[in-house]
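Reader: I am new to this structure and would like to learn how to read it. Could you take me through a few features, one at a time?

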Amino acid sequence: MSVKEMIKLNIDGRDVETQKGKSILEAALDAGIYIPHLCHHPDLPPIGACRLCIVEVEGIEGLPPSCVTPAEDGMIVRTKTEKIDSMRRLAMELMLAGHPADCGTCDKYLNCELQSLKQYLGCEDLSVKRRSKLLPLNTGNPLFVHDPNKCVVCGRCVRVCHELRGVGVLFYIKKGKETLTGTAADLPLADSGCRFCGACAEVCPTGAIQDKKELARGKTRKAALIPCRYTCPAEIDVPRYIRFIKEKDYSAAAAVIREKVPFPGVLGYVCDRICEDVCRRSELNEPVSIRELKRFAAEHDEHRVWEGNSNKKSATGKKVAIIGSGPSGLTAAYYLSNQGHAITVFESLPFAGGMMRFGIPEYRLPRNVLDGEIKDIVNRGVEIKTGIKVDSIDALFEAGFHAVLVAVGTHKGQKLPVPGADNKSVLISVDFLREINLGHEVDIGSKVMVLGGGNVAFDCARAARRLGAGQVHLACLESREDMPASDDEVSQGEEEGIVIHPAKSFTRILSENGVITGVEFLDVASLSFDEDKNPSIEVIENSGHILEADTVIFAIGQRPEIPQGFGLDTGSNNLIEVDSFTFGTSKEGVFAAGDAVSGTSSVIKAIASGRKAAIATDKYLEGNGIIDEKLVAGPELEEVLGLEEGFAFINRCEETCIPPEERVNSFCKVVRDIDEEAATQESRRCLQCDLRTKITSVKFWGNY
């Protein structure tokens, strides 16, 4: 690599060394000498339009803009003279003349380059006449607000759109006597071919183009700009793996997912995809099908590059016992094993997997996918002992373990003590599903009533249909809009014939001669929850009615079973109490994670909890707690996106299922796999929001 030639110049009496080919402005800023500027941006070619960066240079007439004047060896530069100050203030006043005078009401207040320059140059009172543009605020575009009254025509938005992104939909336009920036023929951004990358908003120095407040309010910058990644409990780098899918490098995409989770395939089926709920693409038409793409990458991981790139540390001599082999426990086991610790997982049931195996029916999560990813964990050196129930943590320490992680999940279902609940045909959700997933024969009636409105309730209802129940009804306290079950669970359940009864409170289970005949309900007028999640229910008087049933399944929540021999402090619903930062329990060397700590949540949240617990446990064992790995390099970020007509209107690749009349006859996989063409097309829909964070941040004068 050639060494760039260095030159020396003198700026304000100070000798400065810089690379040949840099401008005077760049040389000064690199040396910590501030020269005011506005149209200049470090990622854009200079144009010298704002006239704020003018300087005096010995041997050059006039006041050249320093951003377009190359630094030369031996050059003598002055950045502050009376003449320079006067001309800068005039240039600034001409920009401010058409700009709103009240900064205090602006969303960019105290974070505005123009305001900062106004203070630096002392332009509080203008010597030129102000003018009001009185142009309408444009809020009609997705993601961004355009206030032309704040535009000072620095041109940054136009230049970044053309020169950095290669999209080229923003131009200088005339409106009456005013020159502004906007799209050709004032078209909406979607119709103009905009890629909605946000570069224009990122480089705008005045707030003329800004993100819509409601999309950023209450969020960190990262969570606002890349919400898919930073809303994900495990912070999977979604834009990066989608970029790999677009390049058809599926093993690299799977490796990116595995940098944060050891269950990419499982999550491709059962993740509750809160990332999609916040996807910025949804402001255009529909969110990217992130879960579908995750499953596609996991199932096309032919080269398994992550295996060769994963670096397991040398043995530490420390032994960790993990109680429970669900998503949280196995995730912690995987990362702690990578840290060099000897890991033994104890599982009371005959097979590993926890609720992934015994709570989620096979039609939602194929067992070969789960088995394959558990095998990957075992291959990393994790020992799993099934059919062993641990009753004493002290016994584990006596056996030579240096730390214990409790990840027992929430395997104890609940009933409400309503009359008739003790009937033998009243079942509990987790027990019902466990028996099915163990392959045991389960008797079910012809008319089943499931009480509950979450995913577990729908799992029970849909499983009952597959076991031969002719009629399956589901009743819950919540209104239809507030049901906690995911939309796809609800829609697929209805397709399979599940009849939903929202806003119902059940008062008793009726029977004759020991045989259930129905459930008595009252209609719910309102439902709310206190801070402890206890419901407050208001029912409609005289609304009592009976729905027929011969089997009732309670699916109203679960709690953990914590043996007294563990000696751990527990709180509401028998959840283990832990330090929120260290995941430490009331007993030294004992940590806890997953649903046993938080209550029943989701697979991805349990995985994220397992990651955090692994970090805490590793630190306790005198490790560094760094469990993240870079399992694949790249891909290189292409700053040039290019114009794509109709980009905003590309339809989402929706999840498709086999016909309901086929799927209710067995526990076969419900969802269909997407093909390569559909995956590539869907990956193209991604806005690549992370590109925006690569744009260089501009320093204010106070930083020099």
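Reader: Does E622 count as buried, partly exposed or exposed, and at what relative accessibility?

Author: Happy to start there! Buried means under 20% relative accessible area, exposed over 50%, and partly exposed in between (1.4 Å probe, protein chains only). E622 has 71% relative accessibility, so E622 counts as exposed. Keep in mind that this is a predicted model, where local features need pLDDT of at least 70, side-chain atom pairs count only at pLDDT 80 or more, and totals for chains, interfaces and linings use all residues. Residues are numbered from 1 along each chain as its sequence is written, and side-chain values use heavy atoms, with hydrogens and water left out.

Reader: Which side chain does E622 meet in a salt bridge?

Author: Side chains of opposite charge can pair when their charged atoms come close. Here a salt bridge is a side-chain nitrogen of Lys or Arg within 4 Å of a carboxyl oxygen of Asp or Glu. E622 meets K318 in this way (4.0 Å, N to O). This pair links distant parts of the chain, 304 residues apart.

Reader: Where do E644 and R195 stand, buried or exposed?

Author: Both E644 and R195 are buried, and their side chains meet in a salt bridge at 3.9 Å, N to O. Here 449 residues separate the partners. In total, the structure holds 47 salt bridges.

Reader: Which residues touch the most other members in the largest nonpolar core?

Author: A nonpolar core is a set of buried Ala, Val, Leu, Ile, Met, Phe, Trp, Tyr and Cys residues joined through side-chain atoms within 4.5 Å. The largest has 74 residues, and I236, Y241, F263, V266 and I322 touch the most other members. Domain 3 (223-307 + 641-692) and domain 4 (312-411 + 560-620) both give residues to this core, so it lies between them; the domain bounds come from an automatic or database domain assignment. A second, separate core of 37 residues includes V160, V167, V169 and A648.

Reader: What is the strand order in the open sheet of five strands?

Author: Strands of a sheet pair through backbone hydrogen bonds, either parallel or antiparallel. Strands are DSSP runs of E, at least two residues, numbered from the N terminus, and two strands pair if DSSP finds at least two bridges between them. The order is β14-β22-β15-β16-β17, with parallel pairing. At the edges are β14 (426-428) and β17 (499-501), each pairing on one side only. Further in, β15 (residues 447-451) pairs with β16 (residues 471-475) over five bridges, and V448 stands opposite V472 in β16.

Note on methods
Helix = DSSP H or I, 4+ residues; strand = E, 2+ residues; numbered from the N terminus.
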